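Q: Hi! Could you walk me through this model in plain words?

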Amino acid sequence: MLEQPEFGRRLRQLRQQQGRSQADLTGTGMSAAYLSRLESGARPPTERAVAYLAARLDLPVEAFELPADCDLADALAATMGRSDPEGDPEVRDMLSHALANAEDADPTTRWQALAQLARLHGALGDRGPERDTLLELTALSDELARPALQVHARLQLARCARGLGDPRAARRAVREALDLGARHHVHVPAAELTRARMLLVSTEAELGDLAEAARLAAEVHAAVECERGPLAAEARWTLATVRARQGDHAGAAELIRHAIEGLDSHADLTLWMRLRLAAASLALQAMPPEAERARSFLDTLDAVLPLVASPQHLAEFLLLKGQTAFLRGELEQARAACRQAAEGRQLLFYRDRVRLDVLEARIAVASGEPEALARLRHLAAEAQAAGNPDLAAEVWRAVADTLAPPLTPAPSSA
């Protein structure tokens, strides 16, 4: 029989492979506290406890004699076999631990485990560990010299880098992925290839090369212009974002309207929701901002959010709600939404994290806090120093707007 802490790790692995919670294993033969101490390694297992657990898990007692750390494939199967592994730190930690103790594992199995671990980190908002895992995944792909794996790893790395606010690294990774795919004739599904090009559009725009972003976005849009459905909607959304950054807010509004009208909620309810979040965001970026239009889009999401919104989408919604309330002069509502959005701050992409910081600073300025304006200027300088001129320009506009005459709070409903 394994000794502690090996026994506790093996018990936890076997339990998670079946998607069972600790509560599922407790009963008249074992208390929750004792089971917890067994898994943590704080108590040695008795023959009676092992027999009880084997019966509850419908496994032979011999299953507890195998070390958990040597079987990366089991840990990978446990994470992939669960109906909803995302957002579960216990599952992430199990896979991470198995990887750390399986250096001699088959490289292909290790690649699959790293890809899954990166997804788990991303779902939990652990952007730094997600990037580190994807860098390891990319290096392993290169060692294996398998172009399909190299393309996949780089596309995931590009998305992560963009979320971290590093558009240069994102652009480099997506360009490498597209070049590898073309050079080695890698079969990349058409939808994935189109989304990769949309990602390149976003990075070019964030780096301030709006001409190149517009050219690429127009190419993507032209390829799906006569189509309907999710991919066409995403292409119109991408082009709308570029048009907004070029100052063509009317054109952006028209494109996002077409995107919304061209997508049935039954085709992709999550994208249906995201398009309305995007439309609200574009309305707030117009000059002057169209707060009422943004509010109308957000109001349509009240019934949908509980059904499909991830914690990240909910944080985005609350940020937009706070920005809208602030522009309408509703400082208390803006402050409340801001506090709620801050609870999911780690899930937001870099641009939205900066926007949340900007909103908090603007509320503080409107509330008379003396240091808030300096904080707002510092945010603009930080975005500029980070090599994100597009975002820096947005924050400097917020500084200019803040120096304008103060908002008049909306009259109380009382």
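**A chat about the fold**

A: Happy to, and let's start at a single spot: His185 counts as exposed, because its relative accessibility is 71% (exposed is over 50% relative accessible area, buried under 20%, partly exposed in between, with a 1.4 Å probe and protein chains only).

Q: Where does His185 lie, and what is its phi?

A: His185 lies in the loop between α10 (167-183) and α11 (190-206). Its phi is near 55°, a positive value in a residue other than glycine. Most residues other than glycine have a negative phi.

Q: What should I know about the source and the numbering?

A: This is a predicted model, where local features need pLDDT of at least 70 and side-chain atom pairs count only at pLDDT 80 or more, while totals for chains, interfaces and linings use all residues. Residues are numbered from 1 along each chain as its sequence is written, and side-chain values use heavy atoms, with hydrogens and water left out.

Q: Back to phi, then: what about Asp58?

A: Asp58 has a positive phi of about 55° although it is not a glycine. It is found in the loop between α4 and α5. Asp58 counts as exposed because its relative accessibility is 70%.

Q: How many helices and strands does the chain have?

A: The chain has 22 helices and zero strands. Both are DSSP runs numbered from the N terminus: helices are H or I with at least four residues, strands are E with at least two.

Q: And what box do the C-alpha atoms fill?

A: Roughly 75 × 60 × 40 Å, taken along the principal axes. Of the 414 residues of the chain, 49% count as buried.

Q: Which residues have the most contacts inside the largest nonpolar core?

A: Ile256 and Leu275, in a core of 85 residues. A nonpolar core here is a set of buried Ala, Val, Leu, Ile, Met, Phe, Trp, Tyr and Cys residues joined through side-chain atoms within 4.5 Å. Helix α15 (residues 269-285) gives the most to this core, with eleven residues.

Q: What is Ile256 in contact with?

A: Leaving aside neighbours within four places in sequence, Ile256 is in contact with Trp237, Ala240, Leu275, Ala278, Ala279, Leu282 and Arg293. Contact means heavy atoms within 4.5 Å.

Q: Switching topic: is His221 buried or exposed?

A: Buried, because its relative accessible area is 11%. His221 sits in helix α12 (residues 210-224). Not counting residues up to four places away in sequence, His221 touches Ala235, Arg236, Leu239 and Leu255.

Q: How many aromatic pairs does the structure hold?

A: One. Phe7 and Phe64 are stacked, at 5.5 Å centre to centre and 25° between the planes. Rings of Phe, Tyr and Trp (its six-membered ring) pair if their centres lie within 6.5 Å; planes under 30 degrees apart count as stacked, over 60 as edge-to-face and the rest as tilted.

Q: Where do Phe7 and Phe64 lie?

A: Phe7 is in helix α1 (residues 6-17) and Phe64 in the loop between α4 (47-57) and α5 (72-81), 57 residues apart, so the pair links distant parts of the chain. Phe7 counts as buried at 0% relative accessibility, and Phe64 is buried with a relative accessible area of 0%.
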